[in-house]
Amino acid sequence: MDKYLIINADDFGMCRAANLAVMDLLKSGSITSSTIMAPCPWAYEACQFAKKNPQFAIGVHLTFTSEWATYRWSPVGTSNTDSLRDELGFMHPESIDVEKNADIKEIAAEIHAQINRLKALGLTPSHLDNHMGSLYGIETGRFELLQLVLSIAGEYGLPFRFPGTFTDAQMNNTMLDIKVDKEQIMGLIGQLNAYAHSVGVANPDFLLPGEWTGPQNDSYDNYRDYIYELYKTFPEDRDLHPSRARVRRAQGHHKFLAPQSLGIQALLRPQDEAAHRQPGHQAHQLSRSRRDEEIKKFRAVPFGAALFICTQKTA
């Protein structure tokens, strides 16, 4: 069984700074995957980049929240979107507002609108994920939203970022701030994965966000060191969990810890073998003895969004 690490930079298209950073990371080989926010004004540039660079796996970052105080966006759909908007006409600022207010038929129509808009702008999407977890149902237990997303992903033949295994690390993560009972999630996780597979939707085996609280929240350097240590804990005998990392704003850009080469992807394997590849992604195999050597290759690079690390296995 092969194990693959997928580094996905979301929020592509959110703003010009994000685009410059994500395009730089893709072109430098630091990442191979990204997802675009259809409601945002810089989505067109992101789609054109994707069209000119089909070697990268670039998908749709399904967006139903508009979280910034003075930079807001609205649904792509032009009708029947009232439940998706706040009192000012923008998308809701928080995921819990989406779960409490959104009509499922309007969500379905907006998902289609976002995917189709990006396709019209030149994107051939490789996969789907979701901005701020607004469609996962973890705020109020509206898991029918997640089933809806899986159903639509199946219609388009696209993978979706949803963990095959739910872990205590996810349940206890303060950034995710899951509000539904663990028992409820554990009772549904198998059913949702079975449904995903029944409609032909591939998904990663594990997801593990990093923590934003604690000393690592005090400075970029602290968070970089925190990520270094997190990488060292990845076990050899199971698939790597992803980490969502904090970003900082610096000179008009964000900065984030990223690999100088594809070395980060080499942390996956317990033995030295030739590199394995899958369409749109790259993975290397490496022994534990060389992990610290690879970690030393990391550098700070401009980056416009959070970075996700996830794994996928093939028989």
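Buried residues, meaning those under 20% relative accessible area with a 1.4 Å probe and protein chains only, make up 56% of the 315 residues in this chain. The model is predicted: local features need pLDDT of at least 70, side-chain atom pairs count only at pLDDT 80 or more, and totals for chains, interfaces and linings use all residues. Residues are numbered from 1 along each chain as its sequence is written, and side-chain values use heavy atoms, with hydrogens and water left out.

The chain holds 9 helices and 10 strands; these are DSSP runs, H or I of at least four residues for helices and E of at least two for strands, numbered from the N terminus. Of the contacts (heavy atoms within 4.5 Å) with a separation of 6 or more, 75% join residues 24 or more positions apart.

I turn now to the nonpolar core, defined as a set of buried Ala, Val, Leu, Ile, Met, Phe, Trp, Tyr and Cys residues joined through side-chain atoms within 4.5 Å. The largest one has 55 residues, and the members touching the most others are Phe12, Ile36, Ile58, Leu62, Ile107, Ile111 and Phe160. At least two residues each come from strand E1 (2-12), helix H1 (16-28), helix H2 (43-52), strand E3 (57-62), H4, H5 and helix H7 (182-198). H5 gives the largest share, 7 residues. In soluble globular proteins, nonpolar side chains tend to be buried together.

Which residues surround Phe12? Setting aside residues up to four places away in sequence, Phe12 touches Asn19, Val22, Met23, Leu26, Ser34, Thr35, Ile36, Met37, Ala46, Phe49 and Ile58. One of these partners, Ser34, lies in strand E2 and is buried, with a relative accessible area of 0%. Beyond its neighbours within four places in sequence, Ser34 contacts Asn8, Ala9, Phe12, Val22, Leu26, Ala57, Ile58, Gly59 and His127.

Next, helix H4. Its 17 residues reach 24 Å from first C-alpha to last, close to the 24 Å expected at 1.5 Å a residue, where the expected span is 1.5 Å times one less than the number of residues. Buried in H4 are Glu106, Ile107, Ala108, Glu110, Ile111, Ala113, Gln114, Ile115 and Leu118. These buried residues pack against strand E2 (33-36), H2, E3, strand E4 (128-130) and H5.

How do H4 and H5 pack, and at what angle? Helix H4 (residues 104-120) and helix H5 (residues 144-156) pack at an angle of about 35°, with axes 11 Å apart; axes are lines fitted to C-alpha atoms over the stretch in contact, and angles run from 0 to 180 degrees between N-to-C directions. The contact involves residues including Ile107, Ile111 and Ile115 of H4 and Leu145, Leu148 and Ile152 of H5. Its residues divide into 10 nonpolar, 2 polar and 3 charged.

Finally, the loop between E4 and H5. Gly133 has its place there and is buried, with a relative accessible area of 14%. The C-alpha atoms of Gly133 and Leu146, 13 residues apart along the chain, are separated by 9.8 Å. Tyr136 is found in the loop between E4 and H5 as well, and is buried at a relative accessible area of 12%. Not counting residues up to four places away in sequence, Tyr136 touches Asn130, Phe143, Leu146, Phe160, Arg161 and Phe162. Among these, Phe160 is also one of the residues that touch the most other members of the largest nonpolar core.

Technical notes:
Ala, Val, Leu, Ile, Met, Phe, Trp, Tyr, Cys and Pro count as nonpolar, Asp, Glu, Lys and Arg as charged, and the others, Gly among them, as polar. Buried means under 20% relative accessible area, exposed over 50%, partly exposed in between (1.4 Å probe, protein chains only).
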